[in-house]
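Visitor: I am new here and would like a short tour. Could you take me through it in plain steps?

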Amino acid sequence: MIWKDTYRLGVEPMDKQHFLLFQMVEKLLHSFRLKQTLKQKNEHIASFKFMKNYIDKHFSAEEAYMESIQYSDLSNHRAEHQNFCRMIAYYEKLFQETDYSIKSVKEFAGLLVSWLTYHVAFVDMKIKENASETLPQTIKEEVVEETPPPMQQESKDLIPKMDNSIFHIDCFQKGITSILEKMFGITSLNVQELTPIPEFDENCIYSKISFIYEFEADVIYSFPKEISLQLFKIMTSFEVNEVDEVVYSAMAEISNIISGNVSIELADKECKTDIKPPVVNIGSYEVEESFKNCLCLFVDSSLGAFHVFIYI
């Protein structure tokens, strides 16, 4: 993966830890070029164990630093860490069930590529942007490993649905724009409504994110092969010619990240929502039968274009 000086927070231990995480993911990506042997499997086991143990230490250190500077968005940042730890637990179970199948490890690697780029380039940068001039510049190198606290359960009491036909386009425009700018440096970007609705493209990666609670929708992100490979190359520096489990998992996580930021925009409008994990298909997709209306957003950028279908 590509480490950039712009990812530096100016806090040396945290920067070193981030750099090491990038190196670990790059090593994992390189391992897929090896033949599927016992040696490759052992590398995958070692990589996952390292990630699981090191990420606990890093998150603890990072949260301790944020507490020391009285970072105002600590609770949301900690929630990001907790979500990632739950993802680690999910893949630990999956690897045990599949005996570290190459498919499951590639899916894990693709998710890591997008999540780490987003978290360091976007979420962690907020610490730097909001830090005061008098903040301490050191944190402890050694930390005690702790089990991530459980996520608070969402209330099941649903508030009556709001009329979402007015504001959701603007929320998606903001969510898409902010993530593509921060993660990929794309500044030449246009997001607009498109009619008529395009047909299926057998070469596209379709990632479905379901929104629930006050804003109910199935949102389909349609990534053509060309832009998928380019986005993957920006994050990893890897030249790949075909879409495999690593690439489509990375695209699924990008759709997940964008949707999470759309949820934040909706929350700013006092619309409570949550999202379900992405469901990925190649060439087609399915939505809930209850969603009768579809709006398509055409996202045009310097790297190419993709579509976002919003079914309500």
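Visitor: Is D5 buried or exposed?

Guide: Welcome! This is a predicted model, where local features need pLDDT of at least 70, side-chain atom pairs count only at pLDDT 80 or more, and totals for chains, interfaces and linings use all residues. Residues are numbered from 1 along each chain as its sequence is written, and side-chain values use heavy atoms, with hydrogens and water left out. Buried means under 20% relative accessible area, exposed over 50%, and partly exposed in between (1.4 Å probe, protein chains only). D5 has a relative accessible area of 59%, so the residue is exposed.

Visitor: Which residue forms a salt bridge with D5?

Guide: A salt bridge is a side-chain nitrogen of Lys or Arg within 4 Å of a carboxyl oxygen of Asp or Glu. Here the closest N and O atoms are 3.3 Å apart, and the partner of D5 is R8.

Visitor: In which helix do K16 and E12 both lie?

Guide: Helices are DSSP runs (H or I, at least four residues), numbered from the N terminus. K16 and E12 meet in a salt bridge at 3.2 Å, N to O. They sit four residues apart, about one turn of the helix, and both belong to α1 (residues 12-31).

Visitor: How many residues apart in sequence are the parts that K225 and E242 tie together?

Guide: The side chains of K225 and E242 form a salt bridge (3.1 Å, N to O). K225 lies in helix α7 (residues 225-236) and E242 in the loop between α7 and α8 (245-268), so the parts tied together are apart in sequence by 17 residues.

Technical notes: Helices (H or I, at least four residues) and strands (E, at least two) are DSSP runs, numbered from the N terminus.
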